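The following note sets out some comments on helix packing and on charged side-chain pairs. Please read the points alongside the sequence and the coordinates.

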Amino acid sequence: MKGIPKLNRIRAVALKLLEKEGSNDVSMRRVAVESGVTAMAIYHYFPSREALLDDITQSVFAEFGEQLASKSASGTIEQRFRKNLDAFLDFALFRPRVYDYIISQPRAGARRYPRDFQDGKSPTFNVLMELCAEGVRTGHFRKGEVWEIALTLAAETQGLITLHRGGRFAMSELEFRKLCHRSSERILHGLKKPAR
C-alpha cells in the first residue's frame, strides 16, 4: 500500500473496515493506523468520520449506479427490470454493511424523497426511474406518477432485503432471490396496461 497516494490509502482502508466490520468500527484513529498516516493527516482530507464515510460510500454508490445502468441497457423491458433487481440484490447481499450504511442508517446528507430523487441525485434510483418512465412512455405500463412507481418498486425490494438482513426469512439466498423476483413480478404485472 506504500505506493498508493495517501488519500487513496485512507479511502481504501476505510472502505475495507466498513465492508468487514460495519460503520461503527470505522474510526479516524483506526483508519490512520491501518493506512500508515497520522490521525491528523486524515483531517487534512476529511473534517469528520461522517465526511470520510460519506466520501467512500458516495463513490461506491456512483460506481454501482454505472453498473446498474450498463446491466439494464439491453433486452426487453421485463428482462431489464430483472437485471436491475439482480444487480441490486447482488450489491445488498455481497456488500451488506455498505448497503446498510447507505440505505438503512439515518445520517446527515442522505438523499431525501422526493426532491433529491427528482433532481437526479441517486445514481441507482435514476436507473429504475428511467425504466419505469420507459414503461409508461411506451404503453407497456398504465399511466401513472413515474417517481412513485419507481419508489414502490425500490421500497418493496429494500423492505424484503431489510427483513432478510434481520434474519426474518428461513430460506436460502437462492430462495430469497426467487421470492424477491416473484414479489417484483407481481408489482410489474399490476402496472401492465390491460390488453384490449
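1. In this predicted model, helix 4 packs against helix 6 (residues 96-104) at an angle of about 105°, and their axes are 11 Å apart. An angle of 65 to 115 degrees counts as roughly perpendicular, and helix 4 and helix 6 are therefore assigned to that class.

2. The contact between these two helices involves Glu50, Leu53, Asp54, Thr57, Val60 and Phe61 on the side of helix 4, and Val98, Tyr101, Ile102 and Ile103 on the side of helix 6. By class, seven of the residues in this contact are nonpolar, one is polar and two are charged.

3. Helix 4 (residues 49-71) also packs against helix 1 (residues 6-21), at an angle of about 85° and with the axes 10 Å apart. Helix 1 and helix 4 are therefore roughly perpendicular to each other as well. From helix 1, the residues Ile10, Arg11, Ala14, Leu15 and Leu18 meet Leu52, Leu53, Asp55, Ile56, Thr57 and Val60 of helix 4. This contact comprises eight nonpolar residues, one polar residue and two charged residues.

4. The structure holds 14 salt bridges. In one of them, aspartate 55 pairs with arginine 11, and the closest N and O atoms are 2.6 Å apart. Aspartate 55 belongs to helix 4 and arginine 11 to helix 1, so that distant parts of the chain, 44 residues apart, are linked. Aspartate 55 has a relative accessibility of 22% and counts as partly exposed; arginine 11, at 30%, is also partly exposed.

5. A salt bridge also joins the side chains of arginine 95 and glutamate 19, at 2.4 Å from N to O. Arginine 95 is in the loop between helix 5 (77-94) and helix 6, whereas glutamate 19 is in helix 1, and the two are 76 residues apart. Arginine 95 is partly exposed, at a relative accessible area of 22%, and glutamate 19 is partly exposed at 29%.

6. Arginine 177 and aspartate 90 form a salt bridge through their side chains (2.7 Å, N to O). Because arginine 177 lies in helix 10 (residues 173-191) and aspartate 90 in helix 5, the pair ties together parts that are 87 residues apart in sequence. Arginine 177 counts as buried, since its relative accessibility is 13% and the cut-off for buried is under 20%. Aspartate 90, at 25%, is partly exposed.

7. Which residues are linked in a network of salt bridges? The members are Lys16, Glu21, Arg30 and Glu34.

Methods. Residues numbered from 1 in each chain as written. Predicted model: local features only at pLDDT ≥ 70, side-chain atom pairs only at ≥ 80, totals over all residues. Heavy atoms only, no water. Axes fitted to C-alpha atoms, helices over the stretch in contact; angles between N-to-C directions. Helix = DSSP H or I, 4+ residues; strand = E, 2+ residues; numbered from the N terminus. Parallel < 35°, antiparallel > 145°, perpendicular 65-115°, else oblique. Contact = heavy atoms within 4.5 Å. Nonpolar A, V, L, I, M, F, W, Y, C, P; charged D, E, K, R; others polar. Salt bridge = Lys/Arg side-chain N within 4 Å of Asp/Glu carboxyl O. Buried < 20%, exposed > 50% of the residue type's maximum accessible area, 1.4 Å probe, protein only.
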